[in-house]
Amino acid sequence: MRLSLANLSRLPADIRRPAYDVASAQVGVVHLGVGAFHRAHQAVYLDDCLARGAAGWAVCGASLRSPDTSEALDPQDGLYTLAVRSGAGDDLRVIGSLRRLLVAPRDPAALLAVMCDPNVRIVTLTVTEKGYCHDPATGTLDEAHPDIIADLANPSAPRSAPGFLVEALARRRAAGVAPFTVLCCDNLPANGETVARVVARFAALRDPDLGRWVEAEVAFPCTMVDRIVPATTDADRAVVAGRLGMEDAWPVMAEPFTQWVVEDRFPAGRPPLEEVGAELVADVRPYELMKLRLLNGSHSTLAYLGYLAGKETIADTMAEPAFQKLVARLQDEEVTSTVPAPPGANLTAYKQALRERFANPALKHRTWQIAMDGSQKLPQRLLSPIRDRLAAGAPIGFLALGVAGWMRYVSGTDEKGSAIDVRDPLAARFKAVAEVAGPDAERLADGLLAVREVFGADLPADPRFTGAVKAALGRLYAQGAAASVDAATRG
């Protein structure tokens, strides 16, 4: 038996289910990049809105690459289980807000048609940093990106997120339909502003008038999202099936903590997110900076160094006292000084909560998963606070160790001589650098520092930065990650 609308009534009494008529829920949101994070975060808030009677805010989810989500959930009428994991066990809930699933490469026309529906007033995105086809170092459109070139040549059958957004907006404009609001839910610096810049530039390349219209008429609110969502395993599926008494092909796992901070700027209307736990604010930037630098920066540092030390998950890594000290000293001694506290926030309590979340043994968040796409993440997570520290003449030892951990990781060979499966848009370039450098820290660092898309021109020219990174990388090669972390936290 499979989870579906027909079988909802057969669920055990302890499994929460949608408190509204799922079959009649009308789509008002299109989500690009429908994956585990969206299903454990934004879709849950919208499920709560629907349960409170806010009709018209169900979701049409679209995958821009893989059909996996659609193939798993279509037979389930879009239903899936959210398992919230803590030391007390799993709290299971069936989510019904995802009412339609599309696979963009299979039928781009179908996705464009939904995006042009006047009932759709918001398009949300979690396509990861690389999905915006932008230069992370400058925050501008990468006009040489293959998908951008293809979408400019054939705008009616787009491949990229900017291509779909602009084509749908152009069609709505031509039909006299008000534009939707574009709500980025990815970890980009000033994410709404960044996506606005990328989309307006793409539109201007198609048609200068269209570019001006996008700049003037389309809202791109900034957001900050936070919830740890590990990849679902077969063991997770088995546990969920045992609890449900039926199969769920793709449940999602998540920690109890969830946060969504949203700039309240929706000309076409929005669901009552403030009634279901989201924070609607005038300025998201302080929250975003706090999360990017304290949470994401620590997470990436733990991922690279933990992986190199042979740790499969973040919780495994945090079980080691030296790594606990590393996170505490990284946050307290280097990062906090670069983070102005958002209104009402207590940074000390926030940092303590982060450390407890990282150590949650119920979450199997793999270091390898977090290590993906580092070239897109490093600039805002570690390099931006490094720039602030250097400007203040302050030490960067722990931040530099995180950067060195990334360099050692993308070399593609671990401490035992085994290959690392490096998943990154620039993986081929990193491999070429590593093949020339060999196990030589100085040469590897020089080669990677020349990748301007990551480091820009300023940091490679600053001996305070290059010296700290090369010294840390040298220790990683000579001593290994575990010993390097232990030595760094003893000082």
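**View 1. Ala 6, an exposed residue ahead of strand S1**. In this predicted model, Ala 6 has a relative accessible area of 63%, and since anything over 50% counts as exposed, that's the label it gets. You'll find Ala 6 in the segment before strand S1, which covers residues 27-32. Now look for Tyr 409: it sits 403 residues away from Ala 6 along the chain, and the C-alpha atoms of the two are separated by 48 Å.

**View 2. Helix H10 crossing helix H16**. Tyr 409 turns up again here, as one of the H16 residues that meet H10. H10 runs over residues 285-308 and H16 over residues 397-410, and their axes come within 8 Å of each other. They cross at roughly 50 degrees, so the pair is described as oblique. The crossing is left-handed. Who touches whom? From H10 come Thr 301, Tyr 304, Leu 305, Tyr 307 and Leu 308, and they meet Leu 401, Gly 402, Gly 405, Trp 406, Arg 408 and Tyr 409 of H16. Sorted by class, that contact has 7 nonpolar, 3 polar and 1 charged residues.

**View 3. Thr 232 in the loop between S10 and H9**. This loop links strand S10 (223-226) with helix H9 (234-244). Is Thr 232 buried or exposed? Its relative accessibility is 15%, and the cut-off for buried is under 20%, so Thr 232 counts as buried. Follow the Thr 232 side chain and you'll see it reach the backbone oxygen of Pro 251 at 2.7 Å. Setting aside neighbours within four places in sequence, Thr 232 is in contact with Arg 237, Trp 250, Pro 251, Val 252 and Met 253.

Definitions and conventions: Residues numbered from 1 in each chain as written. Predicted model: local features only at pLDDT ≥ 70, side-chain atom pairs only at ≥ 80, totals over all residues. Heavy atoms only, no water. Axes fitted to C-alpha atoms, helices over the stretch in contact; angles between N-to-C directions. Helix = DSSP H or I, 4+ residues; strand = E, 2+ residues; numbered from the N terminus. Parallel < 35°, antiparallel > 145°, perpendicular 65-115°, else oblique. Left-handed = near helix turned anticlockwise from the far one by under 90°. Contact = heavy atoms within 4.5 Å. Nonpolar A, V, L, I, M, F, W, Y, C, P; charged D, E, K, R; others polar. Buried < 20%, exposed > 50% of the residue type's maximum accessible area, 1.4 Å probe, protein only. Polar contact = N/O pair within 3.5 Å; in protein donor to acceptor, adjacent residues only side chain to side chain.
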